[in-house]
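Visitor: Please give a close account of one single part of this model, with the criteria stated as they are applied.

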Amino acid sequence: MDSQGCSNHRRLCYLEGTNYFMGLACLTALRTFDRNNQVGVCVIDAGQKIVSLGYQNDSHAEINALNSLNSQSVSELYTMFVTKFPCSQCAYVIGTFGIKKLVYPHDKRKKIRTTNAFRILQEFGIDVEPYISNAGEIVLSLGPNN
């Protein structure tokens with residue numbers, strides 16, 4: 001893997017799993033109308049299959065993503081990728097849905113481990129992991145000349 005997080009044995013800039021799922025969460029956040037609070041979520045199962053996406057609209061992005069899991073089995077080991085660390089209310093809901101791991105963007109300036117939301121996630125036994133990108137910038141072109 002090079003310094004951009006690209007694996008050259010498959011093709012230029014192949015996205016490994018963690019970068020791909022966080023990238024999807026970031027792309028999903030663009031569906032949010034509120035420019036000041038763009039949050040996206042990607043939930044995967046133990047086999048790394050995407051089971052839900054969510055973004056901020058009338059309710060929290062995390063809750064939107066989890067609501068679509070209602071009709072599915074919640075006994076699987078889900079991992080949730082979020083573009084912003086959840087609030088306490090969302091942390092509690094995340095804990096009740098069988099999420100086993102939460103991946104959030106690392107920010108040295110924020111003291112995540114001292115928040116109520118972090119404590120709630122810990123009480124539910126959720127592994128909280130900071131995401132540190134090794135993929136660099138991802139450019140997405142939707143035009144006809146891709």
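**An aromatic ring and its surroundings**

Guide: Phe124 has a relative accessibility of 35% and therefore counts as partly exposed (buried is under 20% relative accessible area, exposed over 50%, partly exposed in between; 1.4 Å probe, protein chains only). The model is predicted, so local features need pLDDT of at least 70 and side-chain atom pairs pLDDT 80 or more, whereas totals for chains, interfaces and linings use all residues. Residues are numbered from 1 along each chain as its sequence is written, and side-chain values use heavy atoms, without hydrogens or water.

Rings of Phe, Tyr and Trp (its six-membered ring) pair if their centres lie within 6.5 Å, with planes under 30 degrees apart stacked, over 60 edge-to-face and the rest tilted; four aromatic pairs result. In one of them, Tyr92 and Phe124 have ring centres 5.6 Å apart and planes at 70°, so the pair is edge-to-face. Tyr92 belongs to helix 3 and Phe124 to the loop between helix 4 and strand 5 (127-131), so this pair ties together parts 32 residues apart in sequence (helices, H or I of at least four residues, and strands, E of at least two, are DSSP runs numbered from the N terminus).

Tyr92 also takes part where Ser88, Ala91, Tyr92 and Ile94 of helix 3 meet Asn116, Ala117, Ile120 and Leu121 of helix 4 (contact: heavy atoms within 4.5 Å). The axes of helix 3 (residues 88-96) and helix 4 (residues 116-123) come within 8 Å and cross at roughly 10° (lines fitted to C-alpha atoms over the stretch in contact, angles from 0 to 180 degrees between N-to-C directions). Helix 3 and helix 4 are therefore roughly parallel, a class for angles under 35 degrees.

Technical notes
Parallel < 35°, antiparallel > 145°, perpendicular 65-115°, else oblique.
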